[in-house]
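Look at the fold below. Then read on for a short tour of its sheets, helices and loops.

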Amino acid sequence: MSTSAELHKRRIAAVARGVGSTISAYVDHAQSGTLTDVDGREWIDFASGIAVTNVGNAAPRVVAAVREQVEKFTHTCFMVAPYESYVSVCEQLIDLTPGTFEKRAALFNSGAEAVENAVKIARHATGRQAVVVFDHAYHGRTNLTMALTAKNMPYKHRFGPFAPEVYRAPMSYPLRDGSLGGSGLSGAEAARRAIDVIEKQVGAGNVAAVLIEPIQGEGGFVVPAPGFLPAIAAWTAEAGAVFIADEIQTGFCRTGQWFASEHERLEPDLITTAKGMGGGLPIAGVVGRAELMDAVHAGGLGGTYGGNPVACAAALAAIETMRELDLAASARHIESVLVPALREIAENDAGIAEVRGRGAMIAVELVRPGTIEPDPVRTAAVSKACHEAGLLTLTCGTYGNVLRFLPPLVISDADLDRGVAILRAAFQ
């Protein structure tokens with residue numbers, strides 16, 4: 001078998017430089033909370049493939065369902081010759097997402113594709129064009145979703161021009177809405193600030209959709225102040241626009257609820273899903289109000305691989321696993337372990353400005369002591385120290401100064417504790 005060093009040489013000669021990797025080790029196999037590379041080294045997984053493997057890297061139900069489906073057929077294209085599993089996944093999305101109103105759903109390949117289609121639906125249904133997004137947002141890497149994404153490097157740099165009619169409003173970011181140690185803006189105050197920008201710079205009557213992550217992902221695991229999201233949703237409804245919750249990273253039990261919108265009892269008009277939905281296979285969806293979803297003419301939504309039968313089988317098995325194991329509760333348990341441990345580390349580390357997040361979506365923001373000036377250099381160093389000790393971690397944030405933790409929801413307490421021990425040493 002090739003070693004990681006040998007594979008890396010082959011990679012340099014074959015893979016485009018623009019595709020990066022967090023670590024230089026090459027994975028051979030994985031279990032519920034660990035990865036093992038081709039050299040036999042074990043890694044504790046605090047990344048989950050960026051919040052994808054919520055049910056683990058090789059969940060038994062998912063593996064069995066995929067094998068069974070591959071033996072039947074791998075593709076027909078639902079738009080050509082439909083099949084039951086696509087319908088079943090849509091039924092599950094309708095059942096699981098918040099909102100008691102009548103819903104419809106459609107399936108796609110990736111989170112970015114789901115977001116693009118949600119915007120298409122909102123524009124078609126409202127007859128308007130403006131889309132409002134927020135500071136620090138991340139929504140994808142396609143042309144439209146790059147426009148929706150806030151951060152330039154590495155996502156947008158020199159890839160323009162971008163899609164028009166995208167407008168950015170200030171996000172509720174409690175740590176940075178006030179001074180270090182201060183309370184910042186309340187959710188209501190931050191919402192008023194954002195709404196004032198929208199009304200003055202866009203105009204309520206021009207807004208097709210307001211698109212927001214209930215907890216921001218790549219932007220730094222920013223949890224808005226309580227009341228911010230409900231106030232934005234209420235304004236959106238009054239304006240006759242569509243409130244879209246991007247639950248691609250937060251969905252499917254990751255934050256301790258099936259969807260992060262539930263923490264503040266939101267009922268978004270449309271929800272975009274992907275990542276944890278497929279148990280590791282590429283599948284995404286848009287689900288929401290029937291009158292919006294059905295507003296688009298036949299043929300206006302779809303794609304060759306959208307809702308591929310193998311990916312649908314994986315999604316149904318992943319959802320069944322989440323239900324059976326109550327992985328929302330598992331996420332809350334992970335929070336009960338990680339947050340106290342990280343706060344204990346923070347008590348003795350003036351460079352940690354905040355521990356935040358929900359469920360198994362937890363982060364720490366690193367700053368220069370005594371300030372809120374971001375410290376991306378130390379953040380990268382801490383993450384590198386984790387990697388050297390066998391813990392796979394990721395960084396994020398507009399300023400590159402947030403260390404984030406996304407363990408699989410099926411990780412064992414032993415692996416979780418081992419990961420925490422490595423984190424302690426890395427910070428020290």
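Cys396 stands opposite Val402 in β15. This is a predicted model, in which local features need pLDDT of at least 70 and side-chain atom pairs count only at pLDDT 80 or more, while totals for chains, interfaces and linings use all residues. Residues are numbered from 1 along each chain as its sequence is written, and side-chain values use heavy atoms, leaving out hydrogens and water. Helices (H or I, at least four residues) and strands (E, at least two) are DSSP runs, numbered from the N terminus.

Strand β15 covers residues 402-405 and runs antiparallel to β14, joined by three bridges. Two strands pair if DSSP finds at least two bridges between them. Both strands belong to an open, antiparallel sheet of four, in the order β11-β12-β15-β14. Its edge strands are β11 (352-358) and β14 (394-396), and each pairs on one side only. From one strand to the next, the twist averages 25 degrees. Helix α12 (residues 376-388) packs on the sheet and touches β12 (361-366), β14 and β15. Its direction makes about 35 degrees with that of β15. Helix α13 (residues 413-427) also packs on the sheet, touching β11, β12 and β15. Here the angle with β15 is about 170 degrees. Axes are lines fitted to C-alpha atoms, for helices over the stretch in contact, and angles run from 0 to 180 degrees between N-to-C directions.

## A second sheet

Another open sheet of four strands has mixed pairing and the order β1-β2-β3-β13. At the edges are β1 (27-30) and β13 (391-392), each pairing on one side only. Strand β1 pairs with β2 (residues 34-37) in the antiparallel sense, over three bridges. Which residue in β2 is the bridge partner of Val27? That partner is Asp37.

## Cores and helix α4

The largest nonpolar core has 88 residues. Such a core is a set of buried Ala, Val, Leu, Ile, Met, Phe, Trp, Tyr and Cys residues joined through side-chain atoms within 4.5 Å. Buried means under 20% relative accessible area, exposed over 50%, and partly exposed in between (1.4 Å probe, protein chains only). Among the residues that touch the most other members are Phe46, Leu107 and Phe427. Helix α10 (residues 309-325) gives the largest share of this core, ten residues. A second, separate core of 23 residues includes Ala130 and Ile232.

Helix α4 (residues 84-96) has 13 residues. Its buried residues include Tyr86, Val89 and Leu93. The buried residues of α4 pack against β4 (103-108), β9 (270-273), β10 (284-289) and α10. Contact means heavy atoms within 4.5 Å.

Most residues other than glycine have a negative phi, and most peptide bonds are trans. His136 has a positive phi, near 75 degrees. This residue lies in the loop between β5 (130-134) and α6 (143-148). Is His136 buried or exposed? His136 counts as buried because its relative accessibility is 13%. Its side chain makes a polar contact (N or O atoms within 3.5 Å, one able to donate a hydrogen and the other to accept it; residues adjacent in sequence count only if both atoms are side-chain atoms) with the side chain of Thr398, at 2.7 Å.

Asp326 also has a positive phi, near 50 degrees. Asp326 sits in the loop between α10 and α11 (327-347). At 40% relative accessibility, Asp326 counts as partly exposed. The peptide bond from Met153 to Pro154 is cis, with omega near 10 degrees. The bond from Gly160 to Pro161 is cis too.

How values were computed. Expected span 1.5 Å × (residues − 1).
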